[in-house]
Amino acid sequence: MTTTTPSTTTSRASSSTGPTRVRRRLGVVDRIVVVLMVVVPAALVLLLVWLPAFGSVALSFGTWNGIGGLDRIQWVGFQNYHDIATIYPPFWPAMRHNLVWLVFLFVFPTMLGIFLAVILDHEMKFSRFYQTAFYLPVVLSLALIGFIWQLFYSRDQGLINDVFHTQVDWYGDPKINLWAVLVATAWRHTGYVMLLYLAGLKSVDASLREAAAVDGANQWQTFFKVVFPVMRPINVIVLVIVVIESLRAFDLVWVINKGRNGLEIIAALVSQNVIGEATRYGFGSALAVIMMAISSVFIAIYLRIVFREEQR
Amino acid sequence: MNRQQRPSLLVPPSALATAAASRRSFLRSAVLGGALLGSPALLAACGGDDSGGGGGGSTKTVKFGVNEAKDSGPAYQRMKGFADAYTKKSGVKVSANYVDHNTFQESINTYLQGSPDDVFAWFAGYRMQQFAEDGLLTDLSDLWPIDGMGDAFKEASTSSDGKQYLVPYDYYPWAVFYTKSLFDKNNWQPPTNYDDMVSLADEMKGKGIAPFAFGDKDGWPAMGTFDILNMRINGFDFHMSLLGGDEAWDSNEVKKVFETWRNLLPYHQEDPLGRTWQETATSLAKGEAGMMMFGTFIGDAIPDAIDDLDFFIYPQIDPSIPADSLDAPIDGFALASAGQNQDAGKEFLKFLGTAEAQDAANAAADAPMIAANENASQDSYSALQLKSAEVVGAAGHIAQFLDRDTDTDFASTVMIPSIQDFLKNPDDIDGLTKSIQEQKVSIFGS
């Protein structure tokens, strides 16, 4: 508001030929601008989000190998969904793995990230160095991380087995490879959460801590009763990030073994069926729709929280 | 034989990493939330003409789609050799479009339905037949028979309608590799029948050597073992019709293949699912394992041991079935029916199949391919290549490898996980074959 006031004053003072600008009602140009600002993003969202989403839902009721026109789609009703739930072995493991991913990411790396942030927030020696070291993995792509960890985990030539003289098949044994991958993910995710909380902690008003100290609160009480609740916006953001990260978990397992053999996750199954040479568009779309449905639940919860926040 | 493009460390051949941009994959990745795959548009149109010179319908230019990236090594050099030799010979300009191998393969559907080059590099087998049946390839039967190519090559270039759609240029057989040094040291001989092979394996095991180096992290290497066991136990014709979708996967024949494999598994390296094929090859080179069922491109992973390598053809199992069939994937050139310049394309293809053209390609490269034309010069071949040529020349039937001989969807989304399941749990063969059959019906429709 403060910035617009002077410009309105000057335009009123300098020109009598443009009375429209002074009025409260919008001028033609402004109206066009406003309309464009609403219509263009709306059209983009419609075109890039809703259209493909509904296209995907439609495709999920047919089989099509991508050759020839859309008229060659055979409509099969709920067959794809039925097949996914009954005769497609990777599906249920994938659902379970996504859930494990979510819980793990929430419990370990997030807590560790908060812990590291709190420690680094105390002006200690070399804290810049530690910050950089913990944050560095975040800069790397997950694909690259998969590659780096391959050097640790390789059964015959990997660092871990070499140092400990073990013969654990970290990436190949379906009982442990999910956990091996989660450790690699956590390595990255921790730094991310740490940075967010570090920023949050820096923004907490120092007088709050002083007040708590004056009231006789110890370190624990100060953090959990005063600082943590104040960081509510950060908490919501981190929560959302964890959910998003675990739903879109993909790159790492794709680099490791294309999401097979113990590393099945929904996003990888979608890709297996529709990306590259494989052309089960109907089947893959059905998987994508299932993924979309799950995401929608979380999105709905998130939006509810945000709207409730705004109403306050 | 240089197949470095096929088995790159991260990208198995048939199941594919990157999302190539196409109208459909655009929709797909948008659904996935964009960020999920976040793939940049690769190869927006591989029909793009990179020389800029070719004037569409001119009879003096033929467009050539190559599945090798520019300057990507000997395979690229050979392709360029083909193009240059033709221009020199006929005066027709070849406008080549060089595209990375995996990218090319992943976008092939879009490519062939858009504005493809006239002549393009592809593979023999079911993957070619599917395109032929969909009318995406031009009938090349008037180019056959090709002087210097036998019936096995003609069979591999033929689609379900009995017509040919491919002109082969190279191949690389799958066989049992071993290191001569290890065999000499222990005074072992390559086995000539199945029982010999098993007793040799027992002896190796007694010495603490894993008889078969084995890794299937990439998903496709174990297919080679399935193929050869099926061909030896049930014969070539059954193998091809099984992969073609005409036989049941829960049949006794298929179960017998898995049972035989289960009995052989104790002779294979443990924990195959965490081992890449490069690591597997390394353990063979280091003498930790005695043998390895693999393609001749094994040398790419262990270049230092290449002179020490030798191979034998997988021995006979059922005495009533001759051991004369093997996997030897054939690469070839085809003519896209949507190509602008059909006549010029055919002329070019006629040249590409000749010994003269394949010699020119080899002469232009640092390392030769095994030319499909048996009249091609073998002067530059390595010892392994000479033996490969001999073995394939003597073969009665050539299969193309599981992922090229069957529906791609079936190979990558059903067979890879199923074989991996089998390796994890080899005892539930009934459950495994039942699951494969159910999924096969869902994909093939019968």
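This is a predicted model: local features need pLDDT of at least 70, side-chain atom pairs count only at pLDDT 80 or more; totals for chains, interfaces and linings use all residues.
Biologist: Which side chain of opposite charge is nearest to B:Asp118, and how far away is it?

Modeller: B:Asp118 is buried, yet it has no salt bridge. A salt bridge needs the charged atoms within 4 Å. The nearest side chain of opposite charge belongs to B:Lys63, at 6.7 Å.

Biologist: Then which backbone nitrogen does the side chain of B:Asp118 reach?

Modeller: One of the residues that B:Asp118 touches is the partner here. At 2.9 Å, the side chain of B:Asp118 reaches the backbone nitrogen of B:Asn341.

Biologist: B:Ala334 was in that contact list too. Which residue stands opposite B:Ala334 in the strand pairing?

Modeller: B:Ala334 belongs to β10(B). That strand is joined to β3 (residues 119-123) of chain B by 5 bridges, and the two run antiparallel. Opposite B:Ala334 stands B:Phe120.

Biologist: And what is the bridge partner of B:Val167 in β10(B)?

Modeller: Strand β4 (residues 167-171) of chain B is also antiparallel to β10(B), with 4 bridges joining them. Within β10(B), the bridge partner of B:Val167 is B:Phe333.

Biologist: How many residues of β10 in chain B are buried?

Modeller: Look at both ways the side chains point. B:Ile330, B:Gly332 and B:Ala334 point one way, B:Asp331, B:Phe333 and B:Leu335 the other, and all are buried. The strand is largely enclosed by the rest of the structure, because the buried count is 6 of the 6 residues.

Biologist: B:Asp331 carries a charge, so which side chain does B:Asp331 meet in a salt bridge?

Modeller: B:Asp331 is in strand β10 of chain B and its partner is in helix α16 (residues 402-405), so the pair ties together parts 73 residues apart in sequence. Both ends of the pair are buried. With 3.3 Å from N to O, the partner is B:Arg404.

Biologist: How many residues apart in sequence are the parts tied together by B:Glu356 and B:Lys89?

Modeller: Their side chains meet in a salt bridge at 3.6 Å, N to O. B:Glu356 lies in helix α14 (residues 355-363) of chain B and B:Lys89 in helix α2 of chain B, so the distance in sequence between the parts they tie together is 267 residues.

Biologist: Over in chain A, which residue forms a salt bridge with A:Asp121?

Modeller: The closest N and O atoms of the pair are 3.4 Å apart. A:Asp121 is in helix α4 (residues 91-121) and its partner in helix α9 (residues 206-214) of chain A, 88 residues apart. A:Asp121 is buried, with a relative accessible area of 17%, and the residue it pairs with is A:Arg209.

Biologist: How many salt bridges does the structure hold over all chains?

Modeller: The pairs we discussed include A:Asp121 with A:Arg209 and B:Glu356 with B:Lys89. Over all chains, the total is 15.

Biologist: Back to chain B: how far does helix α9 reach from its first C-alpha to its last?

Modeller: Helix α9 covers residues 221-234 of chain B, which makes 14 residues. 14 of the 14 are buried, so the helix is largely enclosed by the rest of the structure. At 1.5 Å a residue, 20 Å would be expected, and the reach is close to that at 21 Å.

How values were computed. Residues are numbered from 1 along each chain as its sequence is written. Chains are lettered from A and ligands numbered from 1 in the order in which they are written. Side-chain values use heavy atoms; hydrogens and water are left out. The expected span of a helix is 1.5 Å times one less than its number of residues. Buried means under 20% relative accessible area, exposed over 50%, partly exposed in between (1.4 Å probe, protein chains only). Two strands pair if DSSP finds at least two bridges between them. Lys and Arg count as positive and Asp and Glu as negative; His and the chain ends are not counted. A polar contact is a pair of N or O atoms within 3.5 Å; within protein, one must be able to donate a hydrogen and the other to accept it, and residues adjacent in sequence count only if both atoms are side-chain atoms. Contact means heavy atoms within 4.5 Å. Lists of a residue's contacts leave out its neighbours within four places in sequence.
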